[in-house]
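Work through the exercises below with the sequence and the model at hand. Each task is followed by a worked solution.

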Amino acid sequence: MNITYLLGAGASYEALPIVEQIPDKLEGFLNQFYISSFDFVIKNQQKSRIGEKHLFRFNSIEGQKLEFEKIKTFHKDILWLVNGAKNHTSIDTFEKKLYLQDNHTDLKKLKYILSCFFIYEQTFHFDKRYDSFFASILESLSEIPSNLKILSWNYDSQLEIAFSRFSNKTIEESRDILNVFSKGNMPTSSAENLNNEFNVFKVNGTTNLKNKKNETYDLIEDYDIDEVNLVSSFLEIYSSRKLFSDYEPNMSFAWENFKEESKFYNNLQNSVEETETLVVIGYSFPFFNRKIDKFILDAMPKLKKIYVQDPKYSKDIIEKIKGLIPEKQVQHYGYLGPILYEPKTFHDQFFIPIEF
């Protein structure tokens, strides 16, 4: 049985905030880079925030002052994003406003700060359900079930982190083993046999960067990094005009560059075309994403059953899905009937369907 998982923000809520929690969590991130007075911090050896701790990596006053100015700029831009998030219905609304205004500079700044924020959160938090997911589906580290596919709306690296800790591989190695494809940096060569191997498609991209040659750059190499080196990673590109102009955040949004004929979506379609069972976890099918959601569902002509895992709104989400899928009769075990739906409300682990 071919099974596809469709993951939304709720699938990573133990590691990352869901949409309505982002403004408050961003304020906590902002506070870590607040430095009231350079002289006071240096004189009193104050190291209560990670921005302050970063200054003391440098031995000279000149070096510390230079880093202080970088942190001030970084703090100012995080504050800009915090205010933008608070002054709009959601951060998605703020993002789309910048996109429609063709404000590339501010949109790039938003994506970079948001990428740093998600990396920061994942450095200190991990959703253990990804760990138990791999424990459930793996018989060995060398054989990942080929009948499983994952489509994710999330920017996070929880899958890679979980597999990395399971296999003692690096994040980059884990990404390669899991066949992680991200919107924005699909390999130039054709990915063959996509429907015959495990793979992950990140519909909204992820938190690394890409240059003009479409080469990726990871802000950090692993998520066991200490907090002071984490700050250095954030400031490295952000404080260099050349590097900042040469790289783009590899994060995008549903309304950006959705072209069904693009390589990414063509390969996604090929990957899931044999799907018979769909498992939706922590995803509410928001209106913003409706075109891509319909494209994804239409790419599964053999779909027979849909499980929706959500602790509160699974039945409501099912109704949304029904609105995207035309009613039709499908072949079940010896009979024709409608696509079957089954809500799941538990949340302590990811649902593994009996069809697996």
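**Exercise 1. Find the side-chain partner of His104, and state where His104 lies**.

Step 1. The side chain of His104 makes a polar contact at 3.3 Å with the side chain of Glu248. A polar contact is a pair of N or O atoms within 3.5 Å; within protein, one must be able to donate a hydrogen and the other to accept it, and residues adjacent in sequence count only if both atoms are side-chain atoms.

Step 2. This is a predicted model, in which local features need pLDDT of at least 70, side-chain atom pairs count only at pLDDT 80 or more, and totals for chains, interfaces and linings use all residues. Residues are numbered from 1 along each chain as its sequence is written, and side-chain values use heavy atoms, with hydrogens and water left out.

Step 3. His104 belongs to helix H6, residues 104-124. Helices (H or I, at least four residues) and strands (E, at least two) are DSSP runs, numbered from the N terminus.

Step 4. With a relative accessible area of 47%, His104 is partly exposed, because that class lies between buried (under 20%) and exposed (over 50%), with a 1.4 Å probe and protein chains only.

**Exercise 2. Describe the cover and the pairing of strand E1**.

Step 1. Strand E1 spans residues 3-7, and five of its five residues are buried.

Step 2. In a regular strand, side chains alternate between the two faces of the sheet. On one side of E1 are Ile3, Tyr5 and Leu7, on the other Thr4 and Leu6, and all are buried.

Step 3. E1 pairs in the parallel sense with strand E2 (residues 148-152) over five bridges, and with strand E8 (residues 277-281), also parallel, over five bridges. Two strands pair if DSSP finds at least two bridges between them.

Step 4. Leu6 has Leu151 as its bridge partner in E2 and Val280 as its bridge partner in E8.

**Exercise 3. Give the order of the open sheet of three strands, and name its edges**.

Step 1. The order is E6-E5-E7, with antiparallel pairing.

Step 2. The edge strands, E6 (216-217) and E7 (247-251), each pair on one side only.

Step 3. E5 (residues 205-211) is joined to E6 by two bridges, and Lys210 stands opposite Thr216 in E6.

**Exercise 4. Characterise the lining of the largest cavity, then examine Glu160**.

Step 1. The largest cavity holds about 50 Å³ of space. A cavity is a set of points, on a 1 Å grid over the protein atoms alone, where a 1.4 Å probe fits but cannot get out; lining residues have an atom within 4 Å of a point. Grid points are joined across faces, edges and corners, and the volume is the space filled by probe spheres set on the points.

Step 2. Among the lining residues are Leu7, Tyr130, Asp156, Glu160 and Lys202. Helix H8 gives the most, with three residues.

Step 3. Glu160 is found in helix H8 and is buried, with a relative accessible area of 2%.

Step 4. Leaving aside neighbours within four places in sequence, the contacts of Glu160 (heavy atoms within 4.5 Å) are Ile171, Ser174, Arg175, Leu178, Val180 and Lys202.

**Exercise 5. Is Phe234 buried or exposed, and which residues does Phe234 touch**?

Step 1. Phe234, in helix H10 (residues 227-238), is buried, with a relative accessible area of 0%.

Step 2. Not counting residues up to four places away in sequence, Phe234 touches Phe29, Phe33, Phe74, Tyr112, Cys116, Ile119 and Tyr120.

Step 3. Phe74 is 160 residues from Phe234 along the chain, and their C-alpha atoms are separated by 8.9 Å.

Notes. On a 1 Å grid over the protein atoms alone, a cavity is a set of points where a 1.4 Å probe fits but cannot get out, and a pocket is an open set with protein on both sides within 12 Å along at least five of seven lines; lining residues have an atom within 4 Å of a point.
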